[in-house]
Amino acid sequence: MKPFGVRKFRSLVVVGSFSVLTEFLMGFLGSILSGHLLGEDALAGVSLLSPVLSGVIFVSGLFGVGMGVNYALEMGRCLKRRAWELFTQGLWSVLIVGGLITLIILLGGDAFIASFKPSEVVAVHARAYLRWFAPVALLEPLAVLLLNCCYADGDGRQCYVAYVAQIVANLVISYLALKTGWGTAGCAFGALVGYAVAVAILSLHFFKPTNSFRLVRTFRPADTLRIVKSSFGDSCGFLCDSLLYLVLVKVFLARFGSDLLPVLSVIFATLGFLEIFNGVGVAAQPIVSVYIGEKNTLGARRVIVD
């Protein structure tokens with residue numbers, strides 16, 4: 001029989017891959033629905049915002065994954081109070097940074113879109129989408145942090161339920177909103193509702209007997225820095241994606257105009273599907289971190305090798 005850590009990893013790797021794929025699909029569904037129901041100009045408008053969408057995923061991983069790594073590490077050291085402090089600090093950080101990004105999008109979104117100099121029709125679709133997407137910059141990092149809480153406690157089933165419900169809610173709400181004349185704003189509203197559903201379902205984990213998380217009174221900026229440093233290497237891929245998309249959008253618009261932006265969305269979709277392989281690291285992270293905290297190098301090695 002395989003060791004416990006290996007068996008737990010195998011049970012989480014499918015969940016991890018599915019959750020990573022869902023993060024990609026939440027943004028990609030907006031492109032699919034807007035392109036099919038509204039036309040190429042709407043698809044171009046959503047594609048124009050790919051740098052922003054990828055940037056929000058970067059921030060989500062920065063705090064959610066970083067909190068999960070440090071929480072599992074301290075639990076492995078049997079320092080529960082310290083683990084709870086890092087969880088609380090991670091939650092504070094997500095709420096503060098997510099709120100600031102939402103505010104920046106609302107105040108600077110129009111200027112960001114105008115900097116690309118797209119056609120007016122494409123710009124209208126992009127502005128409509130971004131207006132309703134702004135709150136997602138708060139809910140998405142919160143959902144990823146809660147997801148890592150479930151991972152740390154081995155609650156894979158809650159992750160499945162939350163992300164299936166999220167995709168279904170996004171599809172249904174987006175489709176109904178588009179059919180009732182919301183335009184691309186309907187796709188963003190669907191994503192917003194989807195993340196709200198995911199946050200609500202993932203939060204139910206804290207009421208389960210298996211929950212090990214507690215909120216404590218703490219606020220240490222140094223802990224935020226520790227969280228960010230722990231996950232930057234893993235999350236910077238999304239930051240690079242955001243910068244790549246920014247450059248590609250500018251090049252496409254300068255060379256070919258807004259008409260070929262839908263072609264760029266196909267390129268983004270192809271690159272996005274590769275993120276499913278990140279699910280392996282997501283599944284291994286809580287188990288290996290606990291083993292390292294326990295100084296159980298043999299257990300960590302078995303998870304990685306087996």
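A residue counts as buried when its relative accessible area is under 20%. That cut-off is applied below to a predicted model, in which 54% of the 306 residues of the chain count as buried.

The chain contains 12 helices and zero strands. Among contacts in the chain with a separation of 6 or more, 84% join residues 24 or more positions apart.

Because its relative accessibility is 0%, Gly66 counts as buried. Leaving out residues up to four places away in sequence, Gly66 touches Gly61, Ile227, Ser230 and Ser231.

Is Asp223 buried or exposed? With a relative accessibility of 4%, Asp223 counts as buried. Beyond residues up to four places away in sequence, Asp223 touches Arg82, Leu86 and Gln89.

Two packed helices are described by the angle between their axes and the distance between the axes. For helix 4 (residues 80–114) and helix 9, the axes come within 10 Å and cross at roughly 35 degrees. The crossing of helix 4 past helix 9 is right-handed. On the side of helix 4, the contact is made by Arg82, Leu86, Gln89, Gly90, Ser93 and Phe112, and on the side of helix 9 by Pro221, Asp223, Thr224, Arg226, Ile227 and Leu246. By class, the residues of this contact divide into five nonpolar, four polar and three charged.

The axes of helix 6 (residues 136–152) and helix 7 (residues 156–179) come within 8 Å and cross at roughly 150 degrees. Since angles over 145 degrees count as roughly antiparallel, helix 6 is therefore roughly antiparallel to helix 7. Helix 6 contributes Leu147, Cys150 and Tyr151 to the contact, and helix 7 contributes Gln158, Cys159 and Tyr163. In this contact of helix 6 with helix 7 there are five nonpolar residues, one polar residue and no charged residues.

In soluble globular proteins, nonpolar side chains tend to be buried together. In this model, the largest nonpolar core has 62 residues, of which Leu48, Tyr129, Phe133, Leu145 and Leu261 touch the most other members. Helix 6 supplies the largest share of this core, with 11 residues. For Phe133, the contacts other than neighbours within four places in sequence are Val52, Leu53, Val56 and Ala188.

Val193 lies in helix 8, residues 184–203. What is the relative accessible area of Val193? The value is 21%, so Val193 is partly exposed; the cut-off for a buried residue is under 20%. Val193 touches Ala169 and Ile173, when residues up to four places away in sequence are not counted. Val193 and Val136 are separated by 57 residues in sequence and by 9.0 Å in space, C-alpha to C-alpha.

Most residues other than glycine have a negative phi, and most peptide bonds are trans. Cys78, although not a glycine, has a positive phi of about 65 degrees. This cysteine is found in the loop between helix 3 and helix 4. Its relative accessible area is 66%, so Cys78 is exposed. Lys117, likewise a residue other than glycine, has a positive phi near 55 degrees. The place of Lys117 is in the loop between helix 4 and helix 5, the latter covering residues 120–133. Lys117 is exposed because its relative accessible area is 71%, where the cut-off for exposed is over 50%.

How values were computed. Residues numbered from 1 in each chain as written. Predicted model: local features only at pLDDT ≥ 70, side-chain atom pairs only at ≥ 80, totals over all residues. Heavy atoms only, no water. Axes fitted to C-alpha atoms, helices over the stretch in contact; angles between N-to-C directions. Helix = DSSP H or I, 4+ residues; strand = E, 2+ residues; numbered from the N terminus. Parallel < 35°, antiparallel > 145°, perpendicular 65-115°, else oblique. Contact = heavy atoms within 4.5 Å. Nonpolar A, V, L, I, M, F, W, Y, C, P; charged D, E, K, R; others polar. Core = buried A, V, L, I, M, F, W, Y, C linked by side-chain atoms within 4.5 Å. Buried < 20%, exposed > 50% of the residue type's maximum accessible area, 1.4 Å probe, protein only. Left-handed = near helix turned anticlockwise from the far one by under 90°.
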